[in-house]
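Student: Hi! I have a new model open and would like to talk it through with you. Could you take a look?

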Amino acid sequence: MYWKKLSHERIKKIIFEALAENMDYRGDKPILGIPGTYLDPTEFYPDAPFLKDAPFMSALVSNPNHIGVHTLSEESVLEVFKGTQKIERELIHLITEQIFKGKKGEQDGYVATGGTEANIQAIWMFRNYFESEFGLKAEQIALIYSEDAHYSMPKAANLLNLNSIILKVNEENRQILQSSLEEKVEAAINSGFKAFIIVANLSTTMFGSVDDINRLGSYFTDKNLPFRIHVDAAYGGFIYPFTNQNSDYTFENPYISSIAADGHKMLQTPYGTGIFLCRKGLISYVKTNEARYIPGKDYTLSGSRSGANAISIWMILNIHGSEGWRYKMDTLCDRTERICNRLDQMGIGFFRDPHLNIIAIKANHVSPFLANKYYLVADTYEGPANWYKIVVMPHVKQGTIDQFLSELEKKNRAVGE
Ligand SMILES: *Cc1c(COP(=O)(O)O)cnc(C)c1O
């Protein structure tokens with residue numbers, strides 16, 4: 001993985017050039033047919049002096065629509081916004097080929113509203129794939145995920161009329177239990193399920209646990225069952241590939257068909273920057289042919305979407321470069337490690353994957369007072385918590401961590417006495 005860091009000036013130049021390549025609603029092109037325009041100028045006036053130094057804000061104000069998918073062809077989906085659509089195409093290539101090690105030009109993708117949409121898009125695509133290639137009905141296709149998976153999976157199952165198979169995990173290491181996998185899949189086969197859409201977590205939200213994707217893939221391969229694996233990397237997508245050089249979560253792994261990754265979690269981009277990625281040849285299963293008024297058709301769940309979002313992700317990845325981002329993510333992991341060492345010294349139970357910045361602490365060590373004071377997140381709010389998590393995000397100050405740890409130590413010493 002390598003891409004060079006760009007200077008602020010260079011980034012500014014590239015984005016303004018892309019905006020200039022778009023047709024400007026204020027320019028002299030006779031744009032009569034597009035049901036879009038610039039932001040309302042009463043509030044968002046285009047001659048605000050700071051805009052000439054602010055490429056992202058300028059993109060927001062000029063309001064390009066990135067409807068459709070821009071990796072399918074070098075032709076733009078809407079000619080009017082071809083400059084910034086090119087930035088999105090470049091962005092998807094950067095993420096698939098550099099971060100997720102895909103072969104050049106062999107993946108598609110787009111900037112979705114978030115991880116939820118990217119997960120639903122993937123599951124929708126595989127449902128349609130099994131329906132059209134295997135002649136199956138939705139009720140013969142199962143969606144499989146662990147009990148620690150994000151709630152967008154049951155949401156997708158509900159929307160797409162699929163049955164969920166929820167796999168049990170080991171209480172301590174949060175890994176999917178092989179026995180649960182085998183029992184539940186056997187039972188599903190016996191009750192008539194013919195194909196399986198599997199979600200592998202490149203880090204769960206609550207624990208930062210990473211599913212063993214090769215164990216899942218080889219189980220279904222050995223049983224000769226039709227399956228597709230989607231990776232939910234909404235949380236881990238912009239940290240794990242940088243902190244684990246030997247990641248199995250890349251397009252080099254044939255088990256992986258699609259990936260969801262959120263910019264607005266670890267990458268610190270604005271909300272509305274989910275990323276959907278898949279291997280070439282799959283996205284056509286969600287082509288909406290009825291999108292007659294879009295020259296390039298539509299293959300996305302969202303429809304119209306802001307080009308400024310793609311630009312924000314492109315800018316952040318390029319201002320750091322791959323080495324800069326790796327350094328930043330390694331630093332977060334080092335700080336997480338330091339907390340774990342203190343917890344070990346105190347004899348406090350916790351779970352943590354060594355490549356992630358999430359620590360789930362056993363709830364019996366944490367008083368509700370402390371959990372409240374430090375805004376720790378519980379695994380459940382429907383009963384007593386089993387775990388409280390800390391996420392070492394860039395805003396977390398070492399002083400705050402030190403203070404929390406010292407209060408935690410005081411409390412646990414008092415309990416021990
Ligand atoms: C946050 C998250 C999602 C959902 O993403 P949104 O951007 O909130 O839609 C899905 N999966 C995981 C693991 C997440 O952490």
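Predicted model: local features only at pLDDT ≥ 70, side-chain atom pairs only at ≥ 80, totals over all residues.

Student: Good to know. Where is asparagine 224 placed?

Tutor: Asparagine 224 is in the loop between α7 (213–222) and β5 (227–233). Those labels are DSSP runs numbered from the N terminus: helices are H or I with at least four residues, and strands are E with at least two. Asparagine 224 also has a positive phi of about 60°, although it is not a glycine.

Student: And what is phi near in asparagine 63?

Tutor: Phi of asparagine 63 is near 60°, again a positive value in a residue other than glycine. Asparagine 63 is in the loop between α2 (55–62) and α3 (82–99), and at 27% relative accessibility it counts as partly exposed.

Student: Which loop holds glutamate 75?

Tutor: Glutamate 75 is also found between α2 and α3. It counts as exposed, because its relative accessibility is 64%. Its C-alpha atom is separated by 17 Å from that of serine 284, which is 209 residues apart from it along the chain.

Student: Let's switch to the ligand. Which residues come nearest to it?

Tutor: Of the 14 residues around the ligand, Thr116, Asp232, Asp262, His264 and Lys265 come nearest. A residue is near if one of its heavy atoms lies within 4 Å of the molecule.

Student: Which helices supply at least two residues of that shell?

Tutor: α4 (115–134) and α9 (263–266) each do. The largest share, 3 residues, comes from α4.

Student: How many of the shell residues are nonpolar, polar and charged?

Tutor: The shell divides into 2 nonpolar, 9 polar and 3 charged residues. In this scheme Ala, Val, Leu, Ile, Met, Phe, Trp, Tyr, Cys and Pro count as nonpolar, Asp, Glu, Lys and Arg as charged, and the others, Gly among them, as polar.

Student: What lies 2.8 Å from an oxygen atom of the ligand?

Tutor: That is an N or O atom in the side chain of lysine 265. The side chain of threonine 205 has an N or O atom 2.9 Å from a ligand oxygen atom, and for glycine 115 a backbone N or O atom lies 2.9 Å from one. Taken alone the ligand exposes 380 Å², and the protein buries 86% of that. Those areas come from the Shrake-Rupley method with a 1.4 Å probe.

Student: You listed His264. Is histidine 264 buried or exposed?

Tutor: Histidine 264 is buried, with a relative accessible area of 14%, and it lies in helix α9. A polar atom of its side chain lies 3.2 Å from the backbone nitrogen of glycine 272.

Student: And what does the side chain of serine 146 reach?

Tutor: It reaches the backbone nitrogen of aspartate 148 at 3.0 Å. Serine 146 lies in strand β2 (residues 141–146) and counts as buried, because its relative accessibility is 1%.

Student: Now the inside. How many residues does the largest nonpolar core have?

Tutor: The largest nonpolar core has 92 residues, and those with the most contacts inside it are Phe196, Phe220, Phe238 and Leu317. Helix α10 (residues 307–346) gives the largest share of this core, 16 residues. A nonpolar core here is a set of buried Ala, Val, Leu, Ile, Met, Phe, Trp, Tyr and Cys residues joined through side-chain atoms within 4.5 Å.

Student: Why does this core lie between domain 1 and domain 2?

Tutor: Because domain 1 (79–320) and domain 2 (322–416) both give residues to it. The domain bounds come from an automatic or database domain assignment.

How values were computed: Residues numbered from 1 in each chain as written. Heavy atoms only, no water. Polar contact = N/O pair within 3.5 Å; in protein donor to acceptor, adjacent residues only side chain to side chain. Buried < 20%, exposed > 50% of the residue type's maximum accessible area, 1.4 Å probe, protein only.
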